Amino acid sequence: MTAIQESNIVRLPRGVRLREDKRRGGWVLLAPERVFQLDGIAQAVVGQVDGERSVGTIIDRLCETYQAPRERIAQDVTAMFAGLVEKRVLEVA
């Protein structure tokens, strides 16, 4: 599995888009020939990805928003990002 560091900057690769799917009710990551349905937490995390913020900055913003322990959020976010990189719907810039 890809190791994600807090200093990494992540972005959606060319051809991958975060979109609201009103018909299904929720958010999806659209990739060529693939659709990933996101739950509310995943949408909140992926919604922070802009290709400029570091993973550490995204974690800090989520901690501030959700008042949760940083260690837990860092663990969850880096694991989610590693999985999305493996699926090729997120890349390390």
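1. The model is predicted, with local features needing pLDDT of at least 70 and side-chain atom pairs counting only at pLDDT 80 or more, while totals for chains, interfaces and linings use all residues. Residues are numbered from 1 along each chain as its sequence is written, and side-chain values use heavy atoms, leaving out hydrogens and water.

2. Helix α3 (residues 70-86) comes within 9 Å of helix α2 (residues 55-66), axis to axis, and the two cross at roughly 130°. Axes here are lines fitted to C-alpha atoms, for helices over the stretch in contact, and angles run from 0 to 180 degrees between N-to-C directions. Helices are DSSP runs of H or I with at least four residues, strands are runs of E with at least two, and both are numbered from the N terminus.

3. Contact means heavy atoms within 4.5 Å. On the α2 side the contact residues include Val-55, Ile-58 and Leu-62, and on the α3 side they include Ile-73, Val-77 and Phe-81.

4. Which residues of α3 are buried? They are Ile-73, Ala-74, Val-77, Phe-81, Ala-82, Gly-83, Leu-84 and Val-85. Buried means under 20% relative accessible area, exposed over 50%, and partly exposed in between (1.4 Å probe, protein chains only). Among the elements covering these residues are β1 (10-11), β3 (26-31) and α2.

5. Ile-4 lies in the segment before β1 and is buried, at 10% relative accessible area. Leaving aside residues up to four places away in sequence, Ile-4 touches Val-55, Thr-78, Phe-81, Ala-82, Val-85 and Val-92. Ile-4 and Val-85 are 81 residues apart in sequence, with 9.2 Å between their C-alpha atoms.
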